[in-house]
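The sequence and structure are shown first.

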Amino acid sequence: MHIVDIIIKKRNGLELNKDEIEYFINGYVKGDIEEYQASALLMAIYFNGMTDDELFYLTDSMIKSGDTIDLNQITGIKVDKHSTGGVGDKTTLVVGPILASLGIKFAKMSGRGLGHTGGTLDKLESIPGYKTNIPFEDFIKQVNDISISIIGQSMDLVPADKKLYALRDVTGTVESIPLIAASIMSKKLAVSTDIISLDVKVGNGAFMKNIEDAKKLASTMVMLANKFGRTAFATITNMDEPLGEAIGNSLEVIEAINTLNDKGPKDFLELCVDLAGEIIYDANLATSIEMGKELAYEQIKNGKALLKFKECVKAQGGNPKYIDDPSLFKLAKKQLEVKANKEGYIESINALGLGVASSHLGAGREKINDKINHSTGILSKVKVGDMVKVGDVLAVIYSDLNDTSSVIEEVKASYKIGSNKNSIKLIYEVIR
Ligand code: URA
């Protein structure tokens, strides 16, 4: 087999077979296939797309390029959730405890934040003592004992994706639905969970900017999971404004705790209950999705989900007092209000702009090894469609910077006030 023949075949719009795709992935990971040849093939895929079979073989070869994680020692139904990334997205911190409080096993390996999106591990590390790198055996034991553990992932999962993603990033081939689907799903399918919940974000703060692309990505990922014999569903949700109010690590954990106390922002609560409800239904603990959602909300109202979160924090070395009393969280020294300078409706909010501004406060990182400041961030106090008067607070900036003036300008510029009362639909569609 020759890689140039494979490139030409794909360039000409023909379907690659299993052997050809395996040859490419194995050769590329080993270093036998050159970066320029892989780039050419990626570009051919970008323009010609992939059939369902090609995508299955690609994902399968990518999974086989590294370690896989066997969770069979965990008894019961094991669930994973994934979000394509948004601003203020702290759903794992609420959905996980809801599910665990019902005995559904939430064995979660999370990531760190990069660019304008936050990462669950960084958020959890705002809780003093919380360890995200516990040994795998302890992780399994904890999930068996209390149904929940949230850790970082230390194994060599899907090395093919690390190499391919880096190449896509510099060859203009990131925005390809089959390549994104294979990238995300290879990492999800390498872990032996039973149910996979996928939150596909769409809007100005998300990777997918329009609903058609989001739908296509969602249905492609669900198709892939099903081809691998797994249960998956994808919820297409809005990211044209931050989710909830809080952006930044400690602020987001506080908001998650408030939500577990049933005192959180309406949109954030709605999404958490929705995602958990769908999973509860798939786990056969409810006979309809509606009942699943009711059960999910019940676990918040009866305090069991909060208790589960506290148990998880304690089991991983975190100080549980912070969960009882979120005022213990250290927040930035300066808290600066950004106020409306005219009357009108909030016509739009630039979620991406707020995510970037929060990152400039030190809450996020540009490079994976950058240090972050857990105490900084932004509370976005208004939603699209709200009426504001001059002087109303749009956002509160939590800053440790000596000079916050440029971030204040970034935050101000993220809110557009005008005469149009727009409204945002949070959940567009669920694809099963
Ligand atoms: N997230 C991933 O993991 N991979 C992609 O290709 C895009 C987003």
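## Second largest pocket

The second largest pocket has a volume of about 250 Å³. A pocket here is an open set of points on a 1 Å grid over the protein atoms alone, with protein on both sides within 12 Å along at least five of seven lines, and its lining residues have an atom within 4 Å of a point. Grid points are joined across faces, edges and corners, and a volume is the space filled by probe spheres set on the points. The model is predicted: local features need pLDDT of at least 70 and side-chain atom pairs count only at pLDDT 80 or more, while totals for chains, interfaces and linings use all residues. Residues are numbered from 1 along each chain as its sequence is written, and side-chain values use heavy atoms, with hydrogens and water left out.

Glu241, Glu245, Pro265, Lys266, Asp267, Glu270, Lys383, Val384, Ile424 and Leu426 form the lining of this second largest pocket. By class, the lining has 4 nonpolar, no polar and 6 charged residues. Ala, Val, Leu, Ile, Met, Phe, Trp, Tyr, Cys and Pro count as nonpolar, Asp, Glu, Lys and Arg as charged, and the others, Gly among them, as polar.

## Largest pocket

The largest pocket holds about 1,700 Å³ of space. Its lining consists of 50 residues, and those nearest the centre are His82, Ser83, Gly111, Arg112 and Lys187. Two or more lining residues come from each of strand S1 (78-83), strand S2 (105-110), helix H6 (120-124), helix H8 (159-171) and H9. Helices (H or I, at least four residues) and strands (E, at least two) are DSSP runs, numbered from the N terminus. The lining of the largest pocket divides into 14 nonpolar, 24 polar and 12 charged residues.

## Cavities

Across the whole structure, 4 cavities of 30 Å³ or more are found. A cavity is a set of grid points where a 1.4 Å probe fits but cannot get out. The largest cavity has a volume of about 100 Å³. It is lined by 16 residues, with His116, Thr117, Gly118, Ser358 and Ala363 closest to its centre.

Helix H11 (249-260) and helix H16 (351-360) each give at least two residues to the lining of the largest cavity. H16 provides the largest share, 3 residues. The lining of the largest cavity comprises 2 nonpolar, 12 polar and 2 charged residues.

## Helix H10

Helix H10 has 17 residues (211-227), which at 1.5 Å a residue should span 24 Å; the end C-alpha atoms are 24 Å apart, in agreement. The expected span is 1.5 Å times one less than the number of residues. At the start of H10, a side-chain oxygen of Asn210 comes to within 3.2 Å of the backbone nitrogen of Glu212. Just after H10, Gly229 has a positive phi of about 75°.

The buried residues of H10 are Ala214, Leu217, Ala218, Thr220, Met221, Val222, Met223, Leu224 and Ala225. Buried means under 20% relative accessible area, exposed over 50%, and partly exposed in between (1.4 Å probe, protein chains only). They pack against helix H4 (52-64), helix H9 (177-189), strand S4 (195-202), strand S5 (231-238) and strand S13 (427-431). Contact means heavy atoms within 4.5 Å. Ala214 has a relative accessible area of 0%. Not counting residues up to four places away in sequence, Ala214 touches Val200, Val202, Met208 and Ile236. The C-alpha atoms of Ala214 and Glu409, 195 residues apart along the chain, are separated by 31 Å.

Thr59 lies in helix H4 and is buried, with a relative accessible area of 0%. Beyond residues up to four places away in sequence, Thr59 touches Ala182, Met185, Ser186, Leu189, Leu224 and Phe228.

Ile21 belongs to helix H2 (residues 18-30) and is buried at a relative accessible area of 2%. With neighbours within four places in sequence left aside, Ile21 is in contact with Leu16, Met50, Glu54, Tyr57, Leu58 and Ser61.

Most residues other than glycine have a negative phi. Asp262, in the loop between H11 and helix H12 (266-282), has a positive phi near 60°. Asp262 is partly exposed, with a relative accessible area of 30%. Asn284, in the loop between H12 and helix H13 (289-301), has a positive phi near 65°. Asn284 is exposed, with a relative accessible area of 69%.

Terms used: A polar contact is a pair of N or O atoms within 3.5 Å; within protein, one must be able to donate a hydrogen and the other to accept it, and residues adjacent in sequence count only if both atoms are side-chain atoms.
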